[in-house]
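Visitor: I am new to this structure and would like to learn how to read its features. Please take me through a few of them.

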Amino acid sequence: MRDRFPLLVVGGLLVTAVMGSWLVRGAARGGFADTLSTWRAQPDGARGLYLLAEESGLPVTRRTADLQILQDTGTLVLLAVEVEGAQEEDPDQTALAAEKDSKLEDEDVPRHGFNRLHVPELSDTETEKLLEHVREGHNLLYVPWGSRENPLLDKLGVKLFKADTSLPMRTLVPPLSSPYTLGVERVEAKVQAYLELPADAVPVLKDEPLGMTVAAVVPYGAGEVLVVGAPELAMNEALGRADNARFWLSALSALGPGPFEFDEHHHGFTNERSVVDFARRYGLHFAVAQLMLGLCLWAVALKRFGRPRPPPESTRVGATDALFAMSRLYREGRHYGFAANLITRGLTQELALHVGLPAHAPAQQVAEGLAARGREDLANGLRAIVRNAEAVSAEKDLQQLATRTATLRQRIHPSGPPPSAPLASTPEEP
């Protein structure tokens with residue numbers, strides 16, 4: 001326990017230092033989830049959009065599985081889901097001025113909690129499955145983050161142009177009447193990217209002063225994809241502005257009867273139960289508290305409180321009687337050599353466990369292991385005990401062997417005699 005307790009203290013301090021900031025964020029209600037996750041109740045989350053659709057009678061659900069299998073799946077909703085193979089074809093677009101506190105100038109989705117460690121991207125296989133799903137007649141709502149092109153947008157024929165995020169909040173209006181903007185006069189949100197569309201696409205929202213497209217419906221096979229270049233439009237803080245909430249209700253209703261599956265798998269949530277998933281869902285403070293409680297219980301279990309208690313009298317007397325009976329059997333039968341081998345075997349097993357070898361390891365191997373760990377005294381003592389055991393032929397020799405073995409055992413742990421005591425590993429040769 002004295003050797004392990006400092007290690008526990010250092011480990012606890014290290015865990016506290018590394019996860020200190022995560023504990024504060026994890027303790028916030030709804031702050032454990034990723035940006036634009038429907039579980040995140042912070043201003044940059046999409047919990048409000050999910051609840052708005054649910055309270056309006058639209059069939060909504062959260063998807064925690066990947067997109068490898070899309071059988072009997074309704075309309076998928078991908079909010080700020082990163083796609084594998086994304087790249088910026090025009091590096092000059094990333095040099096546009098941006099407000100430092102807007103969090104919209106970064107091409108990477110801001111991560112929170114354990115999502116900083118790992119969030120799966122939409123793989124190439126999932127992209128192909130998703131496009132095949134749309135081509136068969138299903139619809140998709142996709143809100144990309146940033147202005148980088150990716151394989152999904154390339155297949156749709158959509159190009160992104162990064163907006164100047166230093167500009168004030170943009171006013172977006174429907175360029176023409178459509179079911180996607182039913183009851184919508186104007187929408188207010190900050191824009192990350194403007195869209196360059198294929199010829200058969202239908203613009204849904206345009207930047208009124210600039211005349212550039214922000215949202216559009218792109219036909220693909222028998223299905224349609226609604227692409228929105230303003231991720232802030234789906235955030236909790238933006239739903240109360242102008243006709244933002246009305247736009248989402250109209251757009252979702254126009255995409256089909258549903259159900260509308262909000263992808264949470266690519267925000268770090270899976271359908272597998274684990275400690276990491278528990279921490280993501282309920283906050284890191286609970287997971288760390290359980291870890292610290294386990295370490296404390298382990299430390300208490302290893303600690304011995306008070307002085308060693310003597311065994312009960314009946315146990316002590318019984319063990320003593322059994323020992324005398326066995327010694328008499330060996331003495332009367334003159335089994336000195338057998339008794340010496342038992343003593344040597346017990347010592348070898350104890351020293352083998354001390355150096356991390358199996359209990360059945362031979363004495364020579366155990367002695368080499370002791371020498372490699374810097375315990376030459378124990379190694380020499382074990383070799384001497386083995387040699388003396390082969391020469392035991394009388395009761396006196398056996399008693400001397402047992403005494404030397406007991407003396408050597410005292411040197412295994414620091415609680416034994418001081419180093420100045422005579423070595424038990426240098427007995428006289430018989």
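Visitor: How many aromatic pairs does the structure hold?

Guide: This is a predicted model, and the structure holds two aromatic pairs. In one of them, the ring centres of tyrosine 50 and phenylalanine 262 lie 5.5 Å apart, with the planes at 75°, so this pair is edge-to-face.

Visitor: How is such a pair described in general?

Guide: By two values: the distance of the centres and the angle of the planes.

Visitor: Where in the chain are tyrosine 50 and phenylalanine 262?

Guide: Tyrosine 50 belongs to helix H3 (residues 47–55) and phenylalanine 262 to strand E11 (residues 260–263). The two are 212 residues apart, and the pair links distant parts of the chain.

Visitor: Why does tyrosine 50 count as buried?

Guide: Buried means under 20% relative accessible area. Tyrosine 50 has 7% relative accessibility, so tyrosine 50 counts as buried. Phenylalanine 262, with a relative accessible area of 2%, is buried as well.

Visitor: Now the helices. Which residues of helix H11 are buried?

Guide: The general idea is that an α-helix has 3.6 residues a turn, so residues three or four places apart point the same way. In helix H11 (residues 363–372), the buried residues are Val366, Ala367, Gly369 and Leu370. Their arc around the axis is only 160°, which puts them on the same side of H11.

Visitor: What covers the buried residues of H11?

Guide: The cover includes helix H10 (336–354) and helix H12 (376–390). Just after H11 comes glycine 374, with a positive phi of about 85°.

Visitor: How many salt bridges does a search of the whole structure find?

Guide: Eight salt bridges are found. One of them joins the side chains of arginine 40 and aspartate 44, at 2.7 Å from N to O. Both arginine 40 and aspartate 44 are buried. Another joins arginine 241 and glutamate 232, at 3.2 Å. Arginine 241 is buried at 18% relative accessibility, and glutamate 232 is buried at 5%.

Visitor: Is arginine 375 buried or partly exposed?

Guide: Arginine 375 has 23% relative accessibility and so counts as partly exposed. Its side chain meets that of aspartate 377 in a salt bridge of 3.4 Å, N to O.

Visitor: Which residues form a nonpolar patch on the surface?

Guide: Leu167, Leu210 and Met212 do, with about 230 Å² of accessible area together. Methionine 212 sits in the loop between strand E8 (202–207) and strand E9 (213–220). Methionine 212 is partly exposed, at a relative accessible area of 35%.

Key. Residues numbered from 1 in each chain as written. Predicted model: local features only at pLDDT ≥ 70, side-chain atom pairs only at ≥ 80, totals over all residues. Heavy atoms only, no water. Patch = residues over 30% accessible without salt bridge, like charges linked within 9 Å, V, L, I, M, F, W, Y side chains within 5 Å. Areas by Shrake-Rupley, 256 points an atom, 1.4 Å probe, with all protein chains shown as cover. Salt bridge = Lys/Arg side-chain N within 4 Å of Asp/Glu carboxyl O. Helix = DSSP H or I, 4+ residues; strand = E, 2+ residues; numbered from the N terminus. Buried < 20%, exposed > 50% of the residue type's maximum accessible area, 1.4 Å probe, protein only. Arc of directions from axis to C-beta. Contact = heavy atoms within 4.5 Å. Phe/Tyr/Trp six-rings, centres within 6.5 Å; stacked < 30°, edge-to-face > 60°.
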